[in-house]
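User: I'd like a close look at one part of this model, please. Take your time with it and keep it in one piece.

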Amino acid sequence: ESFLPPAKIFQFPPLPLGHLQFNPDSDGQIRRQPLLLPSEGKLLPSLPLLLSLQLQGTQPTELQLPPAGLPGELKTNGWQVAIDRDYQLLLDLSGRGRPYLQYSVNQLLSGELDDQNLSEKLILLGSSENFADRQPLATRGMVSTSELTALATATLLAGNPPSRPVWGWQLETLILGYFLGLLLLLIPRLSTRAGVLTLCLFFTT
C-alpha cells in the first residue's frame with residue numbers, strides 16, 4: 001500500500017509524516033484506527049501515534065510490536081497502549097461528549113481565546129462542519145477526519161483505551177462453531193430452497 005505525501009510546502013524535514021487513515025467496520029461505521037500501516041516495505045505510523053510518541057520523547061523506531069494478526073500492546077520505555085489485531089486502536093466512544101476541546105476560527109481571530117486556553121495544549125488545526133469530508137463514526141454520526149484524528153489522539157493520551165480481552169477471538173470461534181453445528185443439524189430437515197436460503201443468511205450475517 002502506498003500513500004500520497006502532502007505538498008512540499010507543507011513538509012517540514014525535521015518532522016516525520018503520519019497517516020490519517022480510518023477504516024470502517026463491516027457495518028460501515030468507524031470504531032478504530034490502524035496505528036501502523038504497511039507502506040513500501042515499512043510501517044507508517046498514524047498522526048495520533050506520532051503525536052503521542054513525541055510527547056513521550058520517543059521515536060516510532062523504538063516501538064516494540066506484537067504479531068500483526070493478534071491483539072496485544074505497543075510498547076516503549078515507560079509507555080504502552082493496548083491494541084486490537086493489525087495494530088488497530090479502538091477509539092474511546094464510551095462518553096457522551098467529546099474528550100477534547102473544540103474552538104472555531106472566529107473564536108481564535110476575535111481574541112476570545114487567551115493564552116490560558118492554548119498554553120501547554122496539543123493543538124490540531126483542521127476543517128469541520130460543512131467545510132470538510134465527513135465519515136461515519138459509530139454512535140456519533142458523521143464527523144470530519146479532523147475530529148476523528150482528535151478523538152484518536154485523545155484516546156491514546158488518556159492512557160487506557162478500550163481493548164478486547166485476549167480470549168475474545170476464542171469466544172467468537174466458539175459461537176460461530178455452535179451456530180454452524182446447529183445449521184448442519186437443521187438443514188437436512190428443510191426443503192432445498194429453505195436450506196439454501198438459510199445458508200445464504202448465515203454467511204451474509
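How many nonpolar, polar and charged residues are there in the lining of the largest pocket?

Analyst: Bear in mind that this is a predicted model. By class, the lining splits into 19 nonpolar, 12 polar and 5 charged residues. The largest pocket holds about 1300 Å³ of space. It is lined by 36 residues, and those closest to its centre are L101, I123, L124, L125 and G126. As for secondary structure, the elements giving two or more residues to this lining are α1 (47-55), α2 (105-109), α3 (115-118) and α4 (145-158). Helix α4 supplies the largest share, with 8 residues.

The closest N and O atoms of R134 and E147 are 3.8 Å apart. E147 is buried, at 9% relative accessibility, whereas R134 is partly exposed at 34%.

That pair belongs to a set of 6 salt bridges in the structure. Elsewhere, D25, D27, R31, R32 and D84 are joined in a salt-bridge network. Within that group, R32 and D25 meet at 3.2 Å, N to O. R32 counts as buried because its relative accessible area is 15%, under the 20% cut-off, while D25 is partly exposed at 21%. D27 and R31 meet as well, at 2.8 Å, N to O. Here D27 is partly exposed at 45% relative accessibility, and R31 is partly exposed at 29%.

Conventions:
Residues numbered from 1 in each chain as written. Predicted model: local features only at pLDDT ≥ 70, side-chain atom pairs only at ≥ 80, totals over all residues. Heavy atoms only, no water. 1 Å grid on protein atoms, 1.4 Å probe; cavity = no way out; pocket = protein on both sides within 12 Å on 5 of 7 lines; lining within 4 Å. Points joined across faces, edges and corners; volume = space filled by probe spheres on them. Helix = DSSP H or I, 4+ residues; strand = E, 2+ residues; numbered from the N terminus. Nonpolar A, V, L, I, M, F, W, Y, C, P; charged D, E, K, R; others polar. Salt bridge = Lys/Arg side-chain N within 4 Å of Asp/Glu carboxyl O. Buried < 20%, exposed > 50% of the residue type's maximum accessible area, 1.4 Å probe, protein only.
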